Structures are given as C-alpha cells and as structure tokens.
Amino acid sequence: MDTDLRDLYQEIILDHNKNPKNFHKLDPASHSAEGYNPLCGDKINVYLQVEDGKIVDIGFEGSGCAISKASASVMTTIVKNKTVEEVKALFEKFKGLVTGKVEPDMLELGKLAVFAGVRDYPSRAKCATLSWHTVMAALNSKEEQAIVSTE
Amino acid sequence: MAETIEMDDRTIAIGKNHKLFDVERIRADFPILHQRIHGKPLAYLDNAATSQKPKVVIDAISHYYQAQNANIHRGVYYLSEVATQAYEQARECVRSFLNAASTEEIIFTRGATEGINLVAHSYGRRFIQQGDEVIITTMDHHSNIVPWQILCEEKGAQLRVVPIDDHGELMMDEYASLLSAKTKLVAFGHISNSLGTINPIEKIIQMAHQVGAVVVVDGAQAAPHTPIDVQALDVDFYAFSGHKVFGPTGIGALYGKEKWLDAMPPYQGGGDMIKSVTLEKTIYNDLPYKFEAGTPHISGGIAMAKALDYVGQIGYPQIEAYENDLLNCATEALQKVDGLRIVGTAQHKASVVSFVLESVHPHDVGTILDREGIAIRTGHHCTQPVMDRFHIPATSRASFAFYNTKEEIDRLVEALHKVVRMFQ
C-alpha cells in the first residue's frame with residue numbers, strides 16, 4: 001500500500017475497526033447521545049456512566065467507516081476513568097490534531113496520535129471527531145437522550 | 001463499411017449504421033481529463049454527480065464575456081441585441097433537444113431542482129387542494145421528494161409513494177393501486193441517480209393521465225444518456241440540469257405544456273417577468289418570460305446549448321450503445337471482486353453502478369480509490385429512502401459517460417481488489 005494511505009489507515013486503526021472496544025450499550029447509563037454525520041450516513045450511539053464528575057464506564061454502538069469506528073473505539077479506552085474536564089480538554093487537542101490546526105503534543109495525546117494522518121484528508125476529519133462530538137453532547141445534555149450532527 | 005476498418009479496442013463500431021465511436025477523439029475534447037491526481041491519471045467516474053465539459057462549452061463561456069456580454073431583452077444597442085439573440089437561440093436549441101412544440105414552453109432555470117420547485121410552488125400552490133394526493137417514488141432524488149412534502153404539508157394533501165423491489169425497479173402494480181380520482185400529480189425520476197434504473201416513463205405517464213393527474217419528470221439523469229421527446233411522451237413538465245449533460249453548473253431548463261404554464265401564477269417576481277408595473281397593479285409578461293424574473297445566467301444558457309449540440313453531434317444511438325457496453329463490462333468485472341454486491345440490478349439501466357463491499361464502508365473505499373486517481377461518489381447520493389429500502393447506510397457509485405474507457409474500469413476493479421486486501 002502507498003505510504004500516505006498507510007499513514008491514514010494505520011494497522012492499529014484497522015484493528016480497532018475490525019474489533020472495536022467497548023462496542024456495546026450501557027444499561028443503565030447516566031448520559032447518552034446519538035451522533036450523526038449526514039455526509040456519509042455514519043450513526044453512533046454513545047452511553048456514559050458518570051459518577052462524581054468522572055466517567056466510570058462507557059460504551060458505543062453504530063455503523064460507520066473505519067476512521068469513525070476506530071476513533072470511537074480508541075476514544076472509549078482513553079476517556080474511561082478520566083474526569084469530564086480532562087475529557088473536554090483532550091477533545092480540543094484531538095480536534096487540533098485531526099484538522100491540522102495546531103501542532104499537537106504527541107506525548108500528551110498518547111494513543112490518539114495514530115489519527116494524525118487524518119489531517120491530510122480534510123473530508124475525513126468529521127469521521128474522526130463524530131464519536132467525540134457525541135460524547136460532548138451526552139455530557140452537556142440535561143435530557144436523557146441528546147442528538148448531535150456534525151453539520 | 002466498419003468491417004473493413006482496422007480497429008483496436010478503443011475504436012468500436014456501433015449500431016446499425018456502423019458509425020465509429022472513437023473514444024480517444026472524444027477524450028481530446030475534454031481538457032480536464034488529461035491530468036494526474038496523486039500522481040495517477042485521472043479516471044473520472046462520478047458523472048451522475050456532474051459531468052465534465054468539452055472545450056466548445058468552456059470556450060463559449062469565455063467568448064460570451066470577451067465579445068458579447070450585455071444585459072438581454074432591454075438594450076437597443078448592438079451588444080444587447082447580440083446577447084439577446086444568442087440567449088434566445090440557446091432556448092431554441094433546448095426546444096429542439098426536448099422536441100417541445102414551442103420555445104414558449106422552455107423556461108431557463110438554475111437546474112432540475114429549481115425546475116421541480118417551480119412546478120411545486122407555482123402549479124402546486126394554485127391547483128393542489130386539501131385531500132388531494134401527490135404520488136412520488138422511493139427511488140426519487142431528494143430534490144423530487146422534499147418540494148412535494150413541503151407542498152402537501154402546506155395544502156393538507158397526501159403524499160403517496162410507489163415502492164421499489166429488490167432489483168430497484170418500480171412496483172407498477174402498487175403504482176396502479178395508488179392511482180385514483182384523488183391523484184392530482186405524479187412526480188418521478190426518468191432515470192435513478194443511485195440505482196441507474198431506467199423507469200418505464202411512457203407507461204407511468206399514460207397511467208397518470210388516465211386518472212387525470214399531471215406528470216412532472218425529473219430528467220436530470222436522463223438527459224446525458226437518452227433522447228427525450230416531450231411531445232411523444234405527452235409529459236406535462238420535464239426538468240433537467242445543464243451540468244449533468246456536459247454544460248455549466250447553475251443553468252438548466254424546465255419544459256411545461258403551454259396550457260399549464262398559462263394557467264399558473266408566476267414563480268418569482270422581478271424584472272423581465274412583467275409587461276408593466278404600477279404601484280397598484282402589475283401585468284405579467286408572456287411565456288416563457290413570466291417565469292424568468294431577474295437577469296438570467298446568460299452565458300450559462302448559451303454554453304448549455306453548445307453542450308446539447310455537442311451531444312447531438314455524437315448522437316444518442318452511439319452514446320447509448322457505447323455506455324451500455326461500459327455498463328456490461330463494469331457489471332461483469334465488479335461482480336468478481338470478493339464480497340462486492342451491486343445495489344440496483346434493474347433490467348433496464350443507465351451506466352451507473354452502485355455497490356457495497358462486505359465489511360468496508362464506502363467512505364474508506366472512496367478515499368483509497370482517490371489515491372489511485374479514481375473519482376467515484378460515496379454516500380447516500382441524496383436518496384436516503386433508497387438506502388433505507390436496501391438497509392444500508394451508503395453505497396459506492398461508479399457512473400460512466402461516453403468519454404470513459406474500459407481501461408478505467410480495469411483500474412477501478414484493480415483498486416477495489418486492493419481495498420479488499422487492505423481490510424482483510
């Protein structure tokens with residue numbers, strides 16, 4: 001495969017796409033939201049259990065491209081046991097990484113750094129951030145179920 | 001005689017008259033095709049979204065602004081008369097393209113979407129009443145669904161939908177059972193943009209007319225592939241877009257029967273659509289100008305006419321035969337790709353192939369193909385009800401024009417094998 005394509009579809013991304021982590025519904029969940037990307041029809045449901053300002057459990061369901069599914073999978077492994085504030089700060093850094101707007105601190109981003117290749121594919125940035133937007137919508141929602149779109 | 005001419009696989013004899021179809025000569029007319037994308041030759045296979053433009057069309061736009069530009073229907077000076085004449089000649093060209101009875105029945109629009117909206121807004125608001133029924137189909141483009149939803153909601157009318165079968169063909173028995181005295185309007189696409197299905201247009205129109213309904217046809221996908229004769233079809237309204245038939249974006253035309261256009265109120269108010277204006281009362285202009293408020297896309301109309309001429313010179317029998325050959329070749333080759341399923345297997349199809357790959361999302365397919373220089377469309381193609389019908393979120397779609405080649409199909413198939421290997 002071409003090296004630039006390999007930068008986007010890294011082995012770890014293909015693995016997470018095939019065998020996503022935390023790929024299930026949480027019941028009960030303290031927060032949940034549905035995310036939708038009208039451009040490609042990606043749909044995702046995110047479920048969170050938040051206790052004392054900390055995400056103690058997370059799960060997701062849905063269908064989407066390899067980038068969106070792998071990003072959701074990696075995201076769930078990273079936000080578990082982090083505080084809501086930590087997750088929000090991390091999302092800002094991740095957005096900067098995939099849109100190429102800021103030069104990210106790779107050490108701080110940890111496993112998320114594998115998505116750096118997305119910055120060369122502007123139309124795919126929304127795929128990478130869909131699950132994160134959905135988590136933010138869930139955390140910010142007062143109602144039981146929130147719906148967020150990338151548009 | 002074609003049999004006596006030495007041919008390679010790019011030059012094939014087509015049709016009863018054995019007219020030669022020389023794809024290399026046609027490709028030479030399209031400057032954009034001769035470039036490299038990510039280091040690979042461009043294979044443009046997204047013609048159902050928009051087509052590329054031959055040099056005569058590009059030159060017509062440039063020539064208009066370099067030598068003819070003035071506002072039309074107003075000036076008494078030379079340039080204005082030249083521009084007016086060129087624009088009205090373009091209207092005559094569209095009339096001839098559709099075989100309409102008169103240029104009064106040809107309204108320039110921004111495209112098929114505006115044509116359909118014009119009918120929904122102007123005819124629909126005047127003639128559709130509470131309790132009436134409007135029929136559309138599952139396979140219609142959003143642009144032929146949403147205007148009717150808006151109209152029905154506003155009027156308290158009912159929207160009825162003709163379903164499609166597993167091949168992507170309209171279920172004509174269901175259509176027959178939906179028709180009744182309540183049916184006032186039937187709207188459908190001549191050819192489906194996401195499935196490629198060529199609908200039985202004559203039959204659909206006849207059946208609608210038997211219950212007294214008017215028929216609106218979205219011809220956006222048909223214009224580049226098949227000849228259109230609005231008088232033979234006896235269709236009430238027919239809309240198409242210039243950019244899908246090798247003309248510029250932002251221009252199209254709507255055909256409407258004169259008796260309906262006469263009875264309809266204007267679409268938009270403004271200059272050019274009036275005979276006289278006082279602050280108390282306005283007298284509307286004659287057809288077709290009653291429906292053309294404001295300064296139009298003059299260069300677009302002129303260049304679209306050049307595109308229609310260009311297509312006419314190649315000839316629809318030649319185009320249909322060549323594209324059908326591409327369709328058969330692509331269908332056969334794609335079916336050999338592991339885990340590939342074609343969505344839309346109607347008996348009569350235009351050169352559009354939608355497909356899904358087992359366990360690879362269309363968006364990933366699109367990105368990987370792009371790096372091979374191959375442009376295809378991935379997504380729902382503005383036909384979400386079709387995606388719902390087949391229980392899929394999206395498809396990948398390769399759509400061919402007469403400038404595409406079998407070599408490009410080979411490259412498409414090779415790239416798809418690569419995608420499959422990558423996601424194994």
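The crossing of helices α11(B) and α14(B) is right-handed. Keep in mind that this is a predicted model.

Where are these two helices? Helix α11 covers residues 316–334 of chain B, and helix α14 covers residues 406–422 of chain B. They pack at an angle of about 20°, and their axes are 10 Å apart. Angles under 35 degrees count as roughly parallel, so that angle makes α11(B) roughly parallel to α14(B).

Next, the contact itself. Which residues of α11(B) meet α14(B)? They are D325(B), L326(B), C329(B), A330(B), A333(B) and L334(B). On the side of α14(B), the partners are K406(B), I409(B), L412(B), V413(B) and L416(B). By type, the residues of this contact comprise 9 nonpolar and 2 charged, with no polar ones.

Now to chain A. How many helices and strands does chain A have? It has 6 helices and 4 strands. Read from the N terminus, the order is α-α-β-β-β-α-α-α-α-β. The radius of gyration of chain A is 14 Å, close to the 15 Å that the globule rule gives for 151 residues, so chain A is as compact as a globular protein of that length.

For the dimensions, the C-alpha atoms of chain A fill a box of roughly 45 × 30 × 30 Å along the principal axes. Buried residues make up 50% of the 151 in chain A. Finally, take the contacts in chain A with a separation of 6 or more: 60% of them are between residues 24 or more positions apart.

Conventions: Residues are numbered from 1 along each chain as its sequence is written. Chains are lettered from A and ligands numbered from 1 in the order in which they are written. This is a predicted model: local features need pLDDT of at least 70, side-chain atom pairs count only at pLDDT 80 or more; totals for chains, interfaces and linings use all residues. Side-chain values use heavy atoms; hydrogens and water are left out. Axes are lines fitted to C-alpha atoms, for helices over the stretch in contact, and angles run from 0 to 180 degrees between N-to-C directions. Angles under 35 degrees count as roughly parallel, over 145 as roughly antiparallel, 65 to 115 as roughly perpendicular and the rest as oblique. A crossing is left-handed if the near helix is turned anticlockwise from the far one by less than a right angle, and right-handed if clockwise. Contact means heavy atoms within 4.5 Å. Ala, Val, Leu, Ile, Met, Phe, Trp, Tyr, Cys and Pro count as nonpolar, Asp, Glu, Lys and Arg as charged, and the others, Gly among them, as polar. The radius of gyration is taken over C-alpha atoms; the globule rule is 2.2 Å times the number of residues to the power 0.38. Buried means under 20% relative accessible area, exposed over 50%, partly exposed in between (1.4 Å probe, protein chains only).
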